[in-house]
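Please look through the structure shown here and follow the account of its surface patches, ring pairs and charged pairs.

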Amino acid sequence: MMHILMHGLLLLIMPPLLLGVINKVKAWFGGRVGPPLLQPYSDLVKLMRKGMVLSETTTWVFRFGPVITLAAVILAGLVAPMGRFAAPVTFTGDLIFFAYLLGLARFFTTTAALDTGSPFEGMGAAREVAFACLTEPALFIALLVLAKISGSLTLADMLHGPMSGFPAQAAAPLILVAIGLFAVLLAETCRIPVDDPNTHLELTMIHEVMVLDHSGPLFGVILYTAALKLFILGTLLLHVIAPFQTGLAWLDWSLFLVQMLLLAAVVGVVESVMARLQMRHVPYLLVAALLSCGFGFLLLIG
Amino acid sequence: MALTLILIATLLAAGSGLPGVFLGRSSRWGQRVAVGLMASGALAGLAGACLGLTSAQDRIVVFPWPAMGDSLIGVDALSAFFLVPIFLMGGLGSLYSLGYWPQDQHPENGRKLQLFWGLMVAGMALLVLARQAMAFLLGWEVMALSAFFLVSTEDHREECRQVGWVYLVSTHLGTLTLFGLFSLWRWATGSYALLPLASEAVGLGVLNGLFFLALLGFGLKAGMMPLHFWLPGAHANAPSQVSAMLSGVVLKMGVYGLVRFLFLLPDPPGAWGGLILVLGAISGLLGVVFAIGQHDLKRLLAYHSVENIGIILMGLGLAMLGRSAHRPEWIVLGLAGCLLHVWNHSFFKSLLFLCAGSVVQATHTQEIDRLGGLAKRMPWTAGLFLVGAVAICGLPPLNGFVSELLVYLGLFRTITVPGAGGSAAVIGAPVLAMIGALAVACFVKVYGAVFLGTPRDHDPAQAHEAPLSMRAPMLVLAACCALIGLAPGLVAPVLDRAMAGLLPPGSAPFSVASLVPLDTVGAMSLALVAFAGVLALAFTARGRAARRVGTWDCGYALPTSRMQYTAASFAQIIVTMFAWVLRPRVHPPGIEGPFPRAAGMHSHVDDLVLDRVLAPVGRCVARWCDWIHQLQQGLTQHYVLYILIAVVLMLSTLLPIDGFLSRLFAR
Amino acid sequence: MTSLLNAILVIVLVMNLFALAASRIRALIRIVAVQGALLGAIPLLVPQHVALPAVLMVVAAVAIKGVVIPLIMMRALRDAQIKREVGPLIGRLPSVILGAAAILFAVLFADQLPLADQHEGVLLVPASIATVLVGFILLTTRVKAITQIVGYLVLENGIYIFGTLLIEALPLVVELGVLLDLFVGIFVICIIVNHINQAFSSLDTRQLVSLKE
């Protein structure tokens, strides 16, 4: 019970902190002090208190799109286990539910973008759905590898590995899968090198351009959802790259927290040292991720 | 009891269009009578199907048919399972036509539509009931030919006639294959009765022959990928409720044939299941990729039928693999996914086609890039289309997710079992994931371009919401989608019952519910809906208070609705990504000189098989035949000359020329 | 009796050549009428066959071929008011030479056929084949609709001659049926002739090519 409560609390509270960490790291790399770590929280609070401006073109889809997206992502968060603890909801096939909830989130984000009738937002939505066509298979091959190693079809068991820990011959495939998953994480959460969250040219954006017309509380919801998605995919990735456990509950939770912040820092480092890819080169990165996962699977069954 | 009800329903359906034939061309009464008869038939049929699904015994009635031996007819759970969409869509489509194709506005073809609609429903019911090859073929032909007349309803349009011919040729090819199949069956088993074959009854060669004939014949009807060439055109040009029926139900008769027939054959080799799985994966992937390339709303939906048939076939292939590998849980999951997706697809695809119909009725165009902003004018249609779109993308909380989940789990099971090869999963799972992502892309494009934004090319003032007689069928279908999505536990026993006769008799009883926690899935879906609902309520009030301004346009002074992102542009990234198979044709505008004239640009994606293979081959053959055409000048004298030449030649062969010549020169 | 039959058949063959050589449509029609009437009388020359039905048959054949059909055609000719020239595709002399070649071919061919004893020495088979071939030649080389009918008539005459070979075996009803068919056919064609004339202001059947897609 305590763990479920902890899971829920972390899920709801922690995500904006990751954004703060990323920004801080990027600022350090740029030689700036940067905004305070908790700045995203203040932003969210400010946005929630503001009024809303809506486009005349929009319908209810525009207003409910971010909300449905948020609901889907939170539910996905309930399925994904954190650290060595079981997720609040676990059932056979929850991995597919998880992936498809993210699909639902994408459906409504992009539909809401198209609701404005703006060419820029249409452009962003087109990129989002097109790149997802490559990230989804990569994610599923990664899940296949995990399912093969663990022999289980629940996300928790797959990520925690067999009782004895991941076997030695699974190390190489897992490394490849981790690389693939990291690329998937960057693409799904629209970070550099796939997308630059801080860019200021509408023509080159993916995620940011889709939400140009959202304002006030709705924009807050969108920001929060993006952070949440990063957090959830991060938890997934952490299982693969750092499957450590101590056996003590409080130590494990703090370990998870530290790992999560480190991951955010890594994302920040990647953003600082890499340039954004050309838009037409993004599929190459995603295909590379797909191949990496696929190669991992080949190693496993070969 | 169940059989009696269904037979009554079949007769009612078959006769539903008849009274209208004797009434006036523009009298609405014929149509009302037809809808009444069809609706009562549908109710009786659905009641019968429900009885058939619940009652355990499988009663078979013998109808004497002297020429063909006795014909067997019966309802088992599998028949009843397929009867549900037949009668549901039969009734709903008929009701829909009341608003969509009113007799007084279509005096020239309305009665034809009613007559063949009823006949098609009756034909399908008969073929599902049949347990004997000849009765099956009878139902099959009634269905196929009625479908031809329905497809070519608007036979005054050139394109409609053309696709009608393509359909007719392909369906006859399919029937020919089925003739071959049943002749071989008769030769191998000694009877036309469709009863399970004993294990050692026939050799592997004959089994393989039966399998490939069945795959060809039924696959052609189901729209499996290389054999789908007739489908997009036919579905795009038929009236919308007919498209809904064709896509939602008639294609499934091919699936029914495959399921019914393949499970009569004993000991399937592993290659069969593998082949079906690969074909399903190809159909699924290419179906959705081609759908993305389309500019025509109904053609796009038609390609999505190919995609969904692919998913259904993947389930079936998995089940066949399970039979070969003696893994009942694969059979259960694969078959359950296959069957449930048959239901699901018939619900959401019919829903989407009916919505497309009301769009077409309101705007008189099905070109996606001419539409836009309909959600404001047609809120019901827009909302219902959204339900269908989410369902067809296989997203929770609707029904498409449940069936895809079953297939996924089946595929994943093939690798978690130690010792089993994971090739099925490696082919299936990523492809299915990609299909899902592409479907999302495609339906975001359609929904965004057709219903959202601002009107592009059509007159927005003319667009009006569909009448109640059209909305009611759509509502029922949407409710079915939601029900299966939110309470998937309800269909588990139905699936168990439908599969009961197909599982190997000695195997341990697996039920769907024991393999998949459908109740949990349902609870999660409900939670999702409730959660989203609560959040949405919380934001509704703030949305009302919002200020309304124009869309952000980067400060451009004169934005017009033509500047919106078109569906074609939206799809462009993916179309480029798959250009190796789509081969999009772009006709760029010729802009020359300092003062260029008005120029246009258009692009299209031709069908892989029909336009890229069959049509060129046909043209080539036609060119070879051209020289024969020179003999055919239309001059009577020439024809008589041909006869004369033929007569003289034939008579000359009787002349002993050699002897004659030798006599001539010997003298 | 055989010699009389042969004499008639030779006359028929000569008339074939005349038909090919005829330059006026009226003359052509008359020739074919006489040919038909002569042939209609042949059953009377088959000795064991002179009975009431046969006589009726002869009367009917002579009446239809010799009188009714020519009358109908003359009438159609008058109504259509066409030029009286036959207007062949190939000249009259080549036509006659072709016809002679056809007769030669027919005689040669008939020699090769194994015939029943009673038909040995009778010209029935060569005359029949020659007439059929001449009918074909008429059909191919004449362009007006009326001359086409004449060609069909000659063709039919040839078949009729062949039919007399089987006169014992063939019921008269069949013969009468053939006759009726012929009559109705000619009748219909004559009506069509008028329509062609109205539609194309000419009886040249080559105009019909324009109906082709």
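Leu631(B) is found in helix 25 of chain B. The model is a predicted one. With a relative accessible area of 44%, Leu631(B) counts as partly exposed, because that class covers the values between under 20% for buried and over 50% for exposed. Leu631(B) belongs to a nonpolar patch on the surface, together with Trp627(B), Ile628(B), Leu641(B), Tyr642(B), Ile645(B) and Leu649(B). Together these residues have about 680 Å² of accessible area. Two helices of chain B, helix 25 (626-631) and helix 26 (636-654), each supply at least two residues of this patch. Helix 26 gives the most to it, with four residues.

Helix 2 (25-40) and helix 3 (52-80) of chain C each contribute at least two of its residues. Arg30(C) is located in helix 2 of chain C and is partly exposed, at a relative accessible area of 48%.

The next topic is the aromatic rings. A pair of aromatic rings is described by the distance of the centres and the angle of the planes. Over all chains, the structure holds 38 aromatic pairs. In one of them, the ring centres of Phe82(B) and Tyr256(B) are 5.0 Å apart and the planes stand at 70°, so the pair is edge-to-face. This pair links distant parts of the chain, since Phe82(B) lies in helix 4 (residues 77-100) of chain B and Tyr256(B) in helix 10 (residues 240-262) of chain B, 174 residues apart. Phe82(B) is buried, at 1% relative accessibility, and Tyr256(B) is buried with a relative accessible area of 0%.

In another pair, the rings of Phe385(B) and Phe451(B) have their centres 5.0 Å apart and their planes at 45°, so this pair is tilted. Phe385(B) is buried, with a relative accessible area of 1%, and Phe451(B) is buried at 1%. Rings of chains A and B also come together in one aromatic cluster, formed by Phe91(A), Phe97(A), Tyr100(A), Phe140(A), Phe401(B), Tyr408(B) and Phe412(B).

Charged side chains come last. Side chains of opposite charge can pair when their charged atoms come close. The count is 15 salt bridges over all chains. One of them joins the side chains of Arg106(A) and Glu188(A), at 3.8 Å from N to O. Arg106(A) is in helix 5 (residues 94-114) of chain A and Glu188(A) in helix 8 (residues 171-188) of chain A, 82 residues apart. Both Arg106(A) and Glu188(A) are buried.

On chain B, Arg28(B) and Asp104(B) meet in a salt bridge with an N to O distance of 3.9 Å. Arg28(B) lies in helix 3 (residues 28-54) and Asp104(B) in the loop between helix 4 and helix 5 (110-129) of chain B, so the pair ties together parts that are 76 residues apart in sequence. Arg28(B) is partly exposed at 27%, and Asp104(B) is partly exposed at 36%. Asp606(B) and Arg612(B) also meet in a salt bridge (3.9 Å, N to O). Here Asp606(B) is buried at 13% relative accessibility, whereas Arg612(B) is partly exposed at 25%. Back in chain A, salt bridges that share partners join Arg106(A), Glu136(A), Glu188(A) and Lys229(A) into one network.

How values were computed: Residues numbered from 1 in each chain as written. Chains lettered and ligands numbered in written order. Predicted model: local features only at pLDDT ≥ 70, side-chain atom pairs only at ≥ 80, totals over all residues. Heavy atoms only, no water. Buried < 20%, exposed > 50% of the residue type's maximum accessible area, 1.4 Å probe, protein only. Phe/Tyr/Trp six-rings, centres within 6.5 Å; stacked < 30°, edge-to-face > 60°. Patch = residues over 30% accessible without salt bridge, like charges linked within 9 Å, V, L, I, M, F, W, Y side chains within 5 Å. Areas by Shrake-Rupley, 256 points an atom, 1.4 Å probe, with all protein chains shown as cover. Salt bridge = Lys/Arg side-chain N within 4 Å of Asp/Glu carboxyl O.
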